[in-house]
Amino acid sequence: MLGTVLLLLALAKPACPSPAGVASRRAEALKKLLEVFGMEDPPPPPAHFKKPPQYMVDLFNTVANADGVTKNPDILEGNTVRSFLDRTHSKEMQFLFVLSSVAKNEKILTAELHLFRLWPRVTDGPKRHHFCQVSVYQVLEKENPDTPGGKKLLAARLVSLQTSGWEVFAITPAVRDWTEDESSNQGLLVTVQSLGGTPLDPPPLQFASGRDHHESKRPLLVLFTDDGRRGASLPTGSFSGESHPQSPDLPAEVPVPKPAGSRSTRSLDRLQPCRKHPLSVDFEEIGWSGWIISPRGYNAFHCKGSCPFPLGENMRPTNHATVQSIINALKLSEGVSSPCCVPDKLYSINLLYFDDDENVVLKQYDDMVAASCGCH
């Protein structure tokens, strides 16, 4: 996948002047680049300034560094996290989330309802209550949810009345039903009861709604999925820290003085040993900054240099490359070239972005950054 990205970026960078042929190649390259990121068309930027849910921002910062490169590939259960805001804007504790942007090929792993618990008012309920029972139901009959068969229990637990903050409830079965049959999505119903199971009116506990409270506290559905996309069989890895680590065996690119004479830069490159070189991917430069929240770009790195005989251990050669190098050096077979300098370890990156419906999505893409280079 990294090799495809490098080729497409070379074609996608605008040229000046830009003949019709170059413009056509750029458009085709950007289309192919979108395919690498699993999209047919770039999502339109939000119509108005929109702040992503803090949960999604925090999750991105936990999973990835500032360049989007994965810190730990085991944090996410799948490779996609989608967030949906409540569409009802109701004062009642009923919520509706539109999941039409979930692709048919995505495997539903876990779905969570995030509700912000408000501080209880002094007048809310008897003072002897320290806990209440909160239940979350999947609505089956929108007009008559309280009738037998009108709703299905998804989650229930005791919640403290002494604090405020986020409460998270598992609602995976409901979301699986909704993604299989979109018309079955009648929303969710939340009830508050005493420890004995009797309704409390007015309820001593309230959750923030999308209507009367700050948007940072709006009800949120968080969906963890996997679209089945995987990278090549090269080793993958992760790292911690602010800067991308250099390969322990290969030096990073260092300035090399150009010798006097007419030797071309390309010839000089062929003389330098195989190593990793920087390669900046700027989403603003290719016109994607309107819908990508983070990162603004990343360093994909690329591998360049020669693999001369004999191959030392610092070249990280495979056994096959060593044999190929010997056959080439001794001219034992015609048409056998020397080994090539290519990535031998790759990192994944993460994008936080707005989709077509202005929902915020966190997606992980394999094989997007060259972690180290070797002769293969």
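Student: How many disulfides does the structure hold?
Tutor: A disulfide is a pair of cysteine sulfur atoms within 2.5 Å. By that rule, there are three disulfides here. Keep in mind that this is a predicted model, where local features need pLDDT of at least 70, side-chain atom pairs count only at pLDDT 80 or more, and totals for chains, interfaces and linings use all residues. Residues are numbered from 1 along each chain as its sequence is written, and side-chain values use heavy atoms, with hydrogens and water left out.

Student: Which cysteine is joined to cysteine 274?
Tutor: Its partner is cysteine 341, with an S to S distance of 2.1 Å. This pair links distant parts of the chain, 67 residues apart: cysteine 274 sits in the loop between α5 (265-271) and β9 (275-277), while cysteine 341 belongs to strand β14 (residues 341-354). Helices (H or I, at least four residues) and strands (E, at least two) are DSSP runs, numbered from the N terminus.

Student: What is the handedness of the link between cysteine 274 and cysteine 341?
Tutor: Look at the turn about the S-S bond: with 75°, this link is right-handed. For cysteine 303 and cysteine 373, the torsion is about -85°, so that disulfide is left-handed. The sulfur atoms of cysteine 303 and cysteine 373 are 2.0 Å apart. Cysteine 303 is in strand β13 (residues 302-304) and cysteine 373 in strand β15 (residues 360-375), so the bond ties together parts 70 residues apart in sequence.

Student: Where do cysteine 307 and cysteine 375 lie?
Tutor: Cysteine 307 is in the loop between β13 and α6 (319-330), and cysteine 375 is in strand β15. Their sulfur atoms are 2.2 Å apart in a disulfide, and this link is left-handed, with -90° about the S-S bond.

Student: Are cysteine 307 and cysteine 375 buried or exposed?
Tutor: Buried means under 20% relative accessible area, exposed over 50%, and partly exposed in between (1.4 Å probe, protein chains only). Cysteine 307 has 5% and is buried, and cysteine 375, at 0%, counts as buried too. Cysteine 274 and cysteine 341 are both buried, as are cysteine 303 and cysteine 373.

Student: What is the pairing of the bonded cysteines in sequence order?
Tutor: Number the bonded cysteines of the protein chain that way and you get 1-4, 2-5, 3-6.
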